[in-house]
Amino acid sequence: MSSEIKQILTTDGIPLEVSLKKAEKKNKIKAFLLVAPLLLFLIITYVFPIGEMFSRSIDDKMITNMLPKTFKEMENWDGKELPSEEVFTAFYYDFKVLVEKQEHGKLGQRLNKEKNGFNSITKKLFRQVKRKKIDESISIKEQVMKVHKRWRNVEYWQAIKRTAPPYTLAKYLKGMDMYYGADGSITQVDEDRRIHRILWLRTLEIAFFVTLFCFLMGYPIAHLLATLPMKYSNLLMICVLLPFWTSLLVRTASWMILLQQQGVVNDFFVMIGLVSDDNRPEMMYNKVGTYVAMTQILLPFMVLPLYSVMKTISPSLMRAGKSLGGTPFVAFWKVYFPLTIPGIGAGCLLVFILAIGYYITPALVGGASGTLISNQIAFHMKQTLDWSFASAMGLMLLTGVLVIYWIYNKLVGVDNIKLG
Amino acid sequence: MGKNPEFVKFDKVDKSYDGKVLVVKDLQLDIAEGEFITMLGPSGSGKTTCLMMLAGFETPTNGEILLDGNIISNIPPHKRGIGMVFQNYALFPHMTVYENLAFPLRVRKVEKEEIDKKVDKALSMVSLNGFETRMPAQLSGGQQQRVAVARALVFDPAVVLMDEPLGALDKNLRESMQYEIKHIHESIGVTVVYVTHDQSEALTMSNRIAVFNDGKVQQLSNPAELYEKPVNSFVAEFIGENNTFNGEVIDIAKDKCKVKLSNSEILANPISVKSKGEKTTVSLRPERALINPTDKMDNMFTGKIEEVIYHGDHTRVRLNLLGSSEFILKVPNSTSNLELKVNEDIKIGWNSTDARALDPK
């Protein structure tokens, strides 16, 4: 009853809500058509590749498809003692199919990753199968066990069983320097081989400090930009943006020229007597180089959001602060600074997220101690061709960024970010 | 109360921004304690610059500014103890009304209870009690304005400066705020220096008005005198409406002169003309010219009505008189209203004392 009373009708007797929807439908379609190309572009170039990356990072279907009968029989195996005749038979028939398709090599490689020594024993088995040395009328288990003593070792059969699930998180564990142990539990790799954790921490550290340096340098510049008279601020703005118009590679290369041991900066230090000629400090191929080059390259991303926020702060606010009795510092700290927080938030988030995934600069000037996780991802993409591991690490990076964004949102509030 | 007639003193103050043009020229201005003085002038006349120099945001290029006998040119703004209301209020957008008002007290290290008391008092002065926790953006323009006034007064400054504080308000609100500020001034007796380009605002609120033009004070006097007895044609033109005749003095006595216009002669009150042959602009307020005057007036002419505009409380009549078609008359709306028709001839008269012969335009 009450809803009937509330419902407002137009003069034609159609409910107002229906009429409104009808009237706005055209606009909605128009708006959707306008964003449709971008939406499509995003789906094709962003959502789809990320989905693909995710499935690749956990995909372990290859071996599942290679040994279908084996895994079916293994379901009844307790995994403690050597498997039964049926499992051996199933494995033999699976293997025979692979030999016909000439895919046994792939199986050996994949199993070898799970447990060392598989490569040679699959090759041995392959020769036996090829020469049709295995008599299918008597116990296949006995004959397979005779091929190599490792086929008699239960650990190798356990390794095969571990590869049964079509999906695995092993790549993610590897990214955190962990792996599935023989009994299926998560184990840490030896301390001297934990390289990924160092890289993650270093990436965070460098991103943090680059953000800090950018903030410390960008804040005064942005303030100057926002307060100088137009003709000077335009010039300064060009100076800030000039690096933007230069190729990233050129900029990084010029830093290499500046920072190398026989470079311009070192020459200058020697000239003014700051360092001796035979003791030139190394400023490249280490963290220093990465810090310097990345800070310079990412500085505009800090300056621009800060500038756009500072531009909106009326100069009369600072004057009001001073006329009310605040010293210039108090007026700055209590009035000006809090109003720039949205810009600081936007700038820091932008720089941090860009820095955490930075690739080309650390690759060129970073050396061994200045490379980041992105360089490791690239290494696996190009050198080891372990794409699923690269995908896993890429997704871990993406998750990390999202987590940071979430924390940031809790602390500062995304509504307080102002990009322009 | 022994009020200091030279509480604020501008002593031969010059100001130039670029070393070529003087924005303020040889300013000599005394402001008495407790006075409400308005600096009135068109934009670019130097009035805001004067205010900024007094507040300490600009330094005089030459000359001194004295506050209560002390030279303040070298004192930074935050130590001058001068309250200021800015053009766009300049309320701190990230602070509540309470925090805005408490700011000048907190930086002075006033104790918490004292702050509460003073903020409360200041808010009740502008009748905004209960708004303490609001943010400035949640207030209407008029409320923000009142908060700004309260904030400028809350720390009991000796002088309060107001830089076109009502410029952003609509007409009705502006008028009511004018009275409100005037009443606050009357009740607490603080010295107010007010800057505006709105002449009616200046006339309503001030004890004295300094009319600025071209970096100089053209006239400094109380509102009535300013309106009735402008000393030069700029002031006459700037304050209120004004009919002008340009001509040449052909005869001059002690309190009367004869001015020759293009095709007739009128009698006027010689203010800034001294001798025969001088060029002059004669200024006459529209309400001082009467239609069909019953008294004997020494200027009587006939003009043709060109336009009649109804304004509610009065009717404006534009006449073609003495060769100029820009002569304006204001006829008050009364029951004995005349029938005014376009293209009719009417008789106009005014006294020569009201027609002030000033410097030529």
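The contact between the two chains takes 15 residues from chain A and 18 residues from chain B, two residues being in contact if their C-beta atoms, placed from the backbone, lie within 7 Å. On the side of chain A that touches chain B, α16 (315–323) and α17 each supply at least two residues. The most comes from α16(A), with six residues. By class, this side of chain A has seven nonpolar, six polar and two charged residues. Here Ala, Val, Leu, Ile, Met, Phe, Trp, Tyr, Cys and Pro count as nonpolar, Asp, Glu, Lys and Arg as charged, and the others, Gly among them, as polar.

The model is predicted: local features need pLDDT of at least 70 and side-chain atom pairs count only at pLDDT 80 or more, while totals for chains, interfaces and linings use all residues. Residues are numbered from 1 along each chain as its sequence is written, and chains are lettered from A and ligands numbered from 1 in the order in which they are written.

Helix α17 of chain A also packs against helix α20 of chain A. Helices (H or I, at least four residues) and strands (E, at least two) are DSSP runs, numbered from the N terminus.

| Helix of chain A | Residues | Contact residues |
|---|---|---|
| α17(A) | 328–356 | A:Leu349, A:Phe352, A:Ile353, A:Ile356 |
| α20(A) | 387–411 | A:Leu397, A:Val401, A:Ile404, A:Tyr408 |

The residues of this contact divide into eight nonpolar, no polar and no charged. The helices pack at an angle of about 165°, with their axes 10 Å apart; axes are lines fitted to C-alpha atoms over the stretch in contact, and angles run from 0 to 180 degrees between N-to-C directions. The two helices are therefore roughly antiparallel to each other, a term for angles over 145 degrees.

The domain assignment of chain A, automatic or from a database, gives domain 1 (2–42), domain 2 (61–166) and domain 3 (195–416). The C-alpha centres of domain 2 and domain 3 of chain A lie 54 Å apart.

Chain B contains eight helices and 20 strands. Its C-alpha trace spans about 75 × 50 × 40 Å along the principal axes. Of the 361 residues of chain B, 39% count as buried, that is, with 20 or more other C-beta atoms within 10 Å of their own; 12 or fewer make a residue exposed, and a number in between makes it partly exposed.

In strand β4 (residues 62–67) of chain B lies B:Leu66. B:Leu66 has 16 other C-beta atoms within 10 Å and is therefore partly exposed. Leaving aside its neighbours within four places in sequence, B:Leu66 is in contact with B:Lys9, B:Asp11, B:Ile71 and B:Ile72.

Notes. Angles under 35 degrees count as roughly parallel, over 145 as roughly antiparallel, 65 to 115 as roughly perpendicular and the rest as oblique.
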